[in-house]
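The following paragraphs consider how the parts of one protein chain are arranged and how they meet. Please keep the sequence and the structure in view while reading.

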Amino acid sequence: MSATSGLRPPPVFGGHDDHNAEQHRLLGLAFDPFTIGRLARTGIGPGRRCLEVGAGDGGIAAWLARRVAPTGRVVATDIRPVRGPAAAGLEYVRHDIVRDPLPEGEFDLVHARLVLRLLPERLAVLDRLVRALKRGGVLQVDEFDATDAPALRVPDPAARRLYRTFMDAKTQVMAGAEVDIAWGCKAAGAMSRAGLTGVTSHRRSDVWDAGSPGLRLLAHHTRHLRERLIRAGMTDGQLSDVRELLAHPGFRARSYALYSVQGRRPKGSR
């Protein structure tokens, strides 16, 4: 596998390395336990070869490396990789999943979390991930359906309106970058059409409250996506008010739904 030079940034969460590092950290806190629980059910074990696409802070890749030790290997890729934890058999690679070469028939397990929804080329990339599997290998895709994450409890009606304004602005930002915010509920069908068998989908949603990684992630977006949110019609004053609301002990919201979808490449496929 080779890495490209002159990589384009991700469509939405590009640039701003400090912001990206915090984004990865909060995503890990919020969703790693669910992702790891699903990966454990694949039966991945010693000697296996794994590909972690969009590795973020490397937490999942490091878990996989421990799982396949001592003779297995994990390749962790990202378009803008951050320094992740070291582990025997774990290699971090700068790689653009849309443009850079990807070996075929190489991996027992391929995992990608919150990657495909960001890519206009998501169906072509999904086909590449399927081809990267060995026959009998498993693909796990974890993706949001972010079409509905309502406020459940608010301090006052104005706070509800502010939260709705913020979430609508985020949806506008995502649409402008060709993000499919409903990709999570579409992934199972797409994976079946891509030739995988035994496709299963598990959905998780939580209640986010003050101090939870989920609301801290949303507050982080008021800074990470500030310029885009301003162009979508919000003001710095509103963004400051959103951060205050998200830290309010009386605020609760339903999380995005996270779908974890697994499918297996048929042993007789070519």
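Into which domains is the protein chain divided? In this predicted model, the chain comprises domain 1 (16–146 + 181–205 + 256–269) and domain 2 (147–178 + 207–254). Their C-alpha centres lie 28 Å apart.

The interface between the domains may be considered next. On the side of domain 1, 19 residues are in contact with 20 residues of domain 2. The area buried between domain 1 and domain 2 is about 1,700 Å², and carbon and sulfur atoms give 62% of that area. Of the area that domain 1 buries against domain 2, 36% is supplied by His19, Leu26 and Tyr256, more than by any other three residues. With ten residues, H1 gives the most to the side of domain 1 that touches domain 2.

The largest nonpolar core has 41 residues, of which Tyr163, Phe166, Leu218, Leu246, Phe251 and Tyr256 touch the most other members. Two or more residues come from each of helix H1 (17–40), helix H4 (157–176), helix H6 (213–224) and helix H8 (236–246). H4 provides the largest share, eight residues. Because domain 1 and domain 2 both give residues to this core, it lies between them.

Leucine 218 illustrates the packing. Leaving aside residues up to four places away in sequence, Leucine 218 touches Tyr163, Phe166, Met167, Lys170, Trp208, Leu246 and Tyr256. A second, separate core of 28 residues includes Val115, Val125, Ala187 and Ala257.

Conventions. Residues numbered from 1 in each chain as written. Predicted model: local features only at pLDDT ≥ 70, side-chain atom pairs only at ≥ 80, totals over all residues. Heavy atoms only, no water. Core = buried A, V, L, I, M, F, W, Y, C linked by side-chain atoms within 4.5 Å. Buried < 20%, exposed > 50% of the residue type's maximum accessible area, 1.4 Å probe, protein only. Helix = DSSP H or I, 4+ residues; strand = E, 2+ residues; numbered from the N terminus. Domains from an automatic or database assignment. Contact = heavy atoms within 4.5 Å. Buried area = accessible area lost by both parts, 1.4 Å probe.
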